[in-house]
Amino acid sequence: MAVRDFGQKVDVCRRIKEVLKNYEEGSLLKEMVQNADDAGASVFDVLLDLRTHGSSELALPGTAAFQGPALVTHNDAVFADSDLESIQQIGGSQKAGSRSTKTGRFGVGFCSCYHATDLPSFLSRDFLVVLDPHCAHVSDNRSEPGKMLCFLENPKTVASSRDTFEPYRVFGCSLQHSYPGTIFRLPLRTAEQAAASRISAQPFVGAPARGLLDAFLELLPELPLFLTHVHTVTVSVWEAGAAAPTLLRSLSTRDTKSGAPPQRSRVHELVAARSDLRSLTPSQSISQIDVRVSDSAASPSAARWLIVQGMGAGRALEICLDPACERYGLTPIPWAGVAARVMPTGLATEGRPYCLLPLPSATGLPVHVNGFFEVSSNRRDIWH
């Protein structure tokens, strides 16, 4: 009797295309911030790189058409081995199914990067990874659609393939040592690439990329209120032909009393240390933070926020421990917070719900409310 392999397969491009239907392209940078914060990064940088790099000396010749303008992000946390496992599974975040306080970490939301590109890549530690869901540019192996290059193992390869690595010589990356951070590069989809793409028929060069950046800049002043680790954000543009990037806006979050980055990881430490919520004791955190924004086109601005957060007990804890939650796959945490702007005075706040990061809807309250809400898979709204 002849026996051969047989089984169901996943069309990666089709799966990603289905995910993109639920994620607006404007969510791309928020998803990247979420993943950086989950990794414990304190700094998050965005660079719209409009340069075109060489394409004659490439370790992966099929990437020649992707050496043009790109959206680049950087954070100062390294890519863990568990992240490598997670990013290979579309929607397979390592936090799934657990009582976690993390916002993202390479789950379905990471696929939002395919709004901008067909060939995302990232560099961290001693490796460069290129993802190729089409299996048309760097890999024809549909079970492993991508490549990993360990650049420290063979310095000669870096020297002979300098055009491959040149786009990553940003944010202090020299390729001479293990890189203590993570750089994502998303080559912007051209009209020609869009015509052939099985993921998106929308080009992302020009106005779409600028629009994405503008939307992120508008969101920036109130973005970090409830983030756990990220306290510094910069947004820059590197124009074609320019010797260096131009800083558009920077943000820093500091504790009002100490002037140091705020310590906001208490809830995560509590939950991580005790898997059983019954052992958690009620706690409260009250702090003031100063959010300073420096803008190349306007005078610097600052806002002071009063942040009150707490771990609940009583009825809130009872709801979280209800067996029905487990039956429905819910893992609630009785933690909530409120942010009220106290300076400058006289400015109205359009209150929004936060799940560490702001959700699109409005609450009608004069304060922002943070909670570990059950949100829809695309984080557009609270699930109900």
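**Close-up 1. Asp118 sits in the loop that links α3 (81-87) to β3 (121-125).** Helices (H or I, at least four residues) and strands (E, at least two) are DSSP runs, numbered from the N terminus. The model is predicted: local features need pLDDT of at least 70, side-chain atom pairs count only at pLDDT 80 or more, and totals for chains, interfaces and linings use all residues. Residues are numbered from 1 along each chain as its sequence is written, and side-chain values use heavy atoms, with hydrogens and water left out. Asp118 has 3% relative accessibility and therefore counts as buried (buried, under 20% relative accessible area; exposed, over 50%; partly exposed, in between; 1.4 Å probe, protein chains only).

**Close-up 2. The side chain of Asp118 makes polar contacts with those of Arg189, at 2.8 Å, and Ser197, at 3.1 Å.** A polar contact is a pair of N or O atoms within 3.5 Å; within protein, one must be able to donate a hydrogen and the other to accept it, and residues adjacent in sequence count only if both atoms are side-chain atoms. Beyond four places in sequence, the residues in contact with Asp118 include Phe66, Leu131, Pro133 and His134 (contact, heavy atoms within 4.5 Å).

**Close-up 3. Helix α7 covers residues 207-219.** Ala209, Leu212, Leu213, Phe216, Leu217 and Leu219 of α7 are buried. Seen down the axis of α7, these buried residues fall within an arc of 165 degrees, so they line one face of the helix; the arc is that of the directions from the helix axis to the C-beta atoms. Ala207 and Glu218, on the other side of α7, are exposed.

Terms used: The expected span of a helix is 1.5 Å times one less than its number of residues.
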